[in-house]
Amino acid sequence: MALTRSQIQNRIYTLNRQRNGYVSDRNKYNESLRYANQLVRYLSNSDKFLTTSNDYLKRYFTISNATADSGEINKTKGEINNILKKLNYTIIPSINGNINTLTGRINNIDSEIRVL
């Protein structure tokens with residue numbers, strides 16, 4: 001059964017609304033991905049600075065094999081590394097997966113619109 005011109009226009013309108021929603025969501029995920037990657041860079045830099053600070057503490061402020069910070073820098077470095085692992089192995093892949101899913105949905109809608 002063939003669709004009427006009005007039905008086709010309504011279907012295209014509905015599909016375009018869906019598509020716009022998916023594009024909006026994908027843009028939000030892309031922005032989140034940008035911030036997550038920026039956070040990874042900042043945390044990596046912080047880890048490097050903490051390594052340097054820890055080396056100086058060991059070199060100049062060690063008494064009886066204990067540093068002046070009582071190991072707080074190493075604890076902080078461990079926490080940063082845990083956050084980096086979560087970002088790199090859980091959060092960023094999840095964001096990328098959502099972007100890919102939305103891109104697939106957008107492409108499917110584009111194909112359906114072209115067929116109409």
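Ser70 sits in the loop between S2 and H2. Helices (H or I, at least four residues) and strands (E, at least two) are DSSP runs, numbered from the N terminus. This is a predicted model, in which local features need pLDDT of at least 70, side-chain atom pairs count only at pLDDT 80 or more, and totals for chains, interfaces and linings use all residues. Residues are numbered from 1 along each chain as its sequence is written, and side-chain values use heavy atoms, with hydrogens and water left out.

**Loop residues with positive phi**

- Ser70 has a phi near 55°, a positive value in a residue other than glycine.
- Ser70 is exposed, at a relative accessible area of 64%. Here exposed means over 50% relative accessible area, buried under 20%, and partly exposed in between (1.4 Å probe, protein chains only).
- Asn65 is not a glycine, yet its phi is positive, at about 60°.
- Asn65 lies in the loop between S1 and S2.
- With a relative accessible area of 79%, Asn65 is exposed.

**Asp69, a buried charge**

- Asp69 belongs to the loop between strand S2 (66–67) and helix H2 (72–115).
- Asp69 is buried but has no salt bridge. A salt bridge is a side-chain nitrogen of Lys or Arg within 4 Å of a carboxyl oxygen of Asp or Glu.
- Lys and Arg count as positive, Asp and Glu as negative; His and the chain ends are not counted.
- The side chains of Asp69 and Thr67 are joined by a polar contact of 2.5 Å. Such a contact is a pair of N or O atoms within 3.5 Å; within protein, one must be able to donate a hydrogen and the other to accept it, and residues adjacent in sequence count only if both atoms are side-chain atoms.
- A polar atom of the Asp69 side chain also lies 2.7 Å from the backbone nitrogen of Ile73.

**Salt bridges**

- Side chains of opposite charge can pair when their charged atoms come close.
- The count of salt bridges comes to four.
- Glu112 forms one of them with Arg11, and the closest N and O atoms are 2.7 Å apart.
- Glu112 is in helix H2 and Arg11 in helix H1, so this pair ties together parts 101 residues apart in sequence.
- Glu112 is partly exposed, at 32% relative accessibility.
- Arg19 forms a salt bridge with Asp110, with the closest N and O atoms 2.6 Å apart.
- That pair links distant parts of the chain, as Arg19 is in helix H1 and Asp110 in helix H2, 91 residues apart.
- Arg34 forms a salt bridge with Glu31, the closest N and O atoms lying 2.8 Å apart.
- Arg34 and Glu31 are three residues apart in helix H1, so about one helical turn separates them.
- Arg34 counts as partly exposed at 42% relative accessibility, and Glu31 does at 33%.

**Nonpolar surface patch**

- Tyr56, Tyr60 and Phe61 form a nonpolar patch on the surface, with about 380 Å² of accessible area together.
- Patches are made of residues with over 30% relative accessible area and no salt bridge; like charges are joined within 9 Å, nonpolar side chains (Val, Leu, Ile, Met, Phe, Trp, Tyr) within 5 Å.
- Accessible areas come from the Shrake-Rupley method with a 1.4 Å probe; for residues, only the protein chains shown count as cover.
- Phe61 is in the loop between helix H1 (5–60) and strand S1 (62–63).

**Pro93**

- Pro93 is in helix H2.
- Pro93 is partly exposed, with a relative accessible area of 38%.
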